[in-house]
Amino acid sequence: MSQDFDVIVIGGGPAGYPCAIRAAQNKLKVACIDEWQNRDGSYAFGGTCLNAGCIPSKALLESTELFHRAQTEFAAHGITVGAVQMDVAAMQARKAKIVKGSTMGILALFKSAGVTALQGHGKLLKGNRVEFIGRDGAKQELIAKHVVLASGSTPMALPSVPFDNDRVVDSWGALEFAAVPKKLGVIGAGVIGLELGSVWRRLGAEVVVLEALDTFLPMADAAVAKEALRHFQKQGLDIRLGAKVTGCEKSKDGVLLQFADAKGNQSVVVEKVVVAIGRRPYTAELLGEGAGVELDARGFIKVDHDCRTGAANVWAIGDVVRGPMLAHKGKEEGVVVADLIAGKVGEVNYDLIPSVIYTAPEIAWVGKTEEQVKQAGGAYKVGTFPFLASGRARAMEAANGFCKIVADKDSDEILGVHIIGPMAGELIAEAVLAMEYSASTEDLQRTMHAHPTLSEAMHEAALNADKLAIDIPNR
Ligand SMILES: Cc1cc2nc3c(=O)[nH]c(=O)nc-3n(C[C@H](O)[C@H](O)[C@H](O)COP(=O)(O)OP(=O)(O)OC[C@H]3O[C@@H](n4cnc5c(N)ncnc54)[C@H](O)[C@@H]3O)c2cc1C
């Protein structure tokens, strides 16, 4: 194997692998190094997202949502089935198959693009040299004109409730349960905690979610967060806000979780605990002496707007740098960096990163919340449309939630779109595209939307911003 490359990418997750592929598309000689190892010791590209994050969680969310709907909705459609049962082993086997197919797919993509796939550990040394330790333990030194660091992130631990990979697990562990826990404690009501809590709740676990903050989903539009909390509570998620976990005691019956909230010191006994309090950047053994790459106080690799580190021709992308820890944000950074390396133009629009929570109802947003717009002080208008008034949503038995558009009152430019309801994560793409082109609500109003579709909710919300909605009374 030649030791010289134009680009070496360290990390083959959703930030690193697209960067490697785009760099190869740009006719550069590329290697991508990744050390991800599954629990059985097998190596796999795809990072957290494909192996232990986005993909397996969505596989389980889909299975459990179908299970839930079979129990609660089929009768409304006139469908009679016997007792609906969930075979957890079969559900997990399906998930594993999807994950394997996706991660193997990356190797196939690398082959077709001409990227050299290297499985093992990579470390940046001084002068754009990279130490690579392969699966067999053999060490070699590689050189590249450009090095891209895409080493990702790892779950944050809570010292008072340490992981034991059995009763106290991280998000990966919670995706691997072989049986439904009778009672599950989830620490953290963020995106991951809510998705994982939903999975096991739908299968019958009692789920208590302990969240230290007093506000539910503070990053979302307040109206959406309020609607979401109502639905999750109705589904039986016992969400305790302002609940700071202080410790735990393990016994053979489970885990006694101690926490303090407005009522004082409390405790709850659960069978399993998922600690989902966030993730931190991962840079263990990544940077050698004199590599010239700096970390900030929170451990993120310091980069400029275009993902350049302080070291010449060394870039960093994805979860290991500032910004939301999202696969699509990392992917965009990877592609842009590969283009910049090739001398092309490119820029990530950090103002328009969509967020999605894959619960039921689904939640998605892009741009500014109404609260942020209000705080900025400019005149604004709001249009909303409830899915209850959507023929398609009603036909789907999924008429919960609404679509909300916040726009500048004077220029009419759309500033933010917030959706809670069916397929919100798909619907938000229209909003991202519209906002990329600085669309106004009038642009959306004059865009024909097929009937009957869920996307009509966006159309009607845009019309409602000017009190022109057709399918709801305008207020
Ligand atoms: C349960 C869960 C659900 C999620 N769901 C979503 C979702 O629905 N949508 C979404 O956008 N995001 C989701 N995320 C977040 C998403 O997984 C991350 O934002 C994304 O994986 C970050 O990509 P990355 O490439 O920066 O890092 P990673 O995916 O963490 O990949 C980094 C890779 O680099 C490797 N590596 C690290 N250091 C070295 C080294 N020195 N040498 C070689 N290899 C190295 C790691 O082993 C890993 O394979 C979820 C996360 C979790 C945990």
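These are legends for several close-up views of a predicted model.

Residues are numbered from 1 along each chain as its sequence is written, and side-chain values use heavy atoms, with hydrogens and water left out. Since this is a predicted model, local features need pLDDT of at least 70 and side-chain atom pairs count only at pLDDT 80 or more, while totals for chains, interfaces and linings use all residues.

**View 1**

Asp34 puts a polar side-chain atom 2.7 Å from an oxygen atom of the ligand. Cys49 has a polar backbone atom 3.3 Å from an oxygen atom of the ligand. For Gly122, a backbone N or O atom sits 2.8 Å from a nitrogen atom of the ligand. On its own the ligand has 990 Å² of accessible area, and the protein covers 95% of that. These areas come from the Shrake-Rupley method with a 1.4 Å probe, and for residues only the protein chains shown count as cover. Helices (H or I, at least four residues) and strands (E, at least two) are DSSP runs, numbered from the N terminus.

Glu370 and Lys404 meet through their side chains in a salt bridge, 2.6 Å from N to O. The pair links distant parts of the chain, with Glu370 in helix α9 (residues 370-376) and Lys404 in strand β20 (residues 402-408), 34 residues apart. Is Lys404 buried or exposed? Lys404 is buried, with a relative accessible area of 4%. Buried means under 20% relative accessible area, exposed over 50%, and partly exposed in between (1.4 Å probe, protein chains only). Shared partners join Asp221, Glu370 and Lys404 into one network of salt bridges. The rule asks for a side-chain nitrogen of Lys or Arg within 4 Å of a carboxyl oxygen of Asp or Glu, and by it the count comes to 24 salt bridges.

**View 1. Salt bridges of partly exposed residues.**
Glu294 and Lys302 form a salt bridge at 3.3 Å, N to O. Glu294 is partly exposed at 47% relative accessibility, and Lys302 is partly exposed at 42%. Asp304 pairs with Arg308 in another salt bridge, their closest N and O atoms 3.8 Å apart. Asp304 is partly exposed, with a relative accessible area of 32%, and Arg308 is partly exposed with 37%.

**View 2. Aromatic pairs.**
How many aromatic pairs are there? The count comes to four, where rings of Phe, Tyr and Trp (its six-membered ring) pair if their centres lie within 6.5 Å; planes under 30 degrees apart count as stacked, over 60 as edge-to-face and the rest as tilted. Phe45 and Phe110 make an edge-to-face pair, 5.1 Å centre to centre with 80° between the planes. This pair links distant parts of the chain: Phe45 is in the loop between β2 and α2, Phe110 in helix α4 (residues 88-113), 65 residues apart. Phe45 and Phe110 are buried. The rings of Phe216 and Phe232 have centres 6.1 Å apart and planes at 80°, so this pair is edge-to-face. Phe216 and Phe232 are both buried.

Most residues other than glycine have a negative phi, and most peptide bonds are trans. Ala360 and Pro361 are joined by a cis peptide bond, with omega about -5°. Asp412, not a glycine, has a positive phi of about 75° and lies in the loop between β20 and β21.

Notes. Polar contact = N/O pair within 3.5 Å; in protein donor to acceptor, adjacent residues only side chain to side chain.
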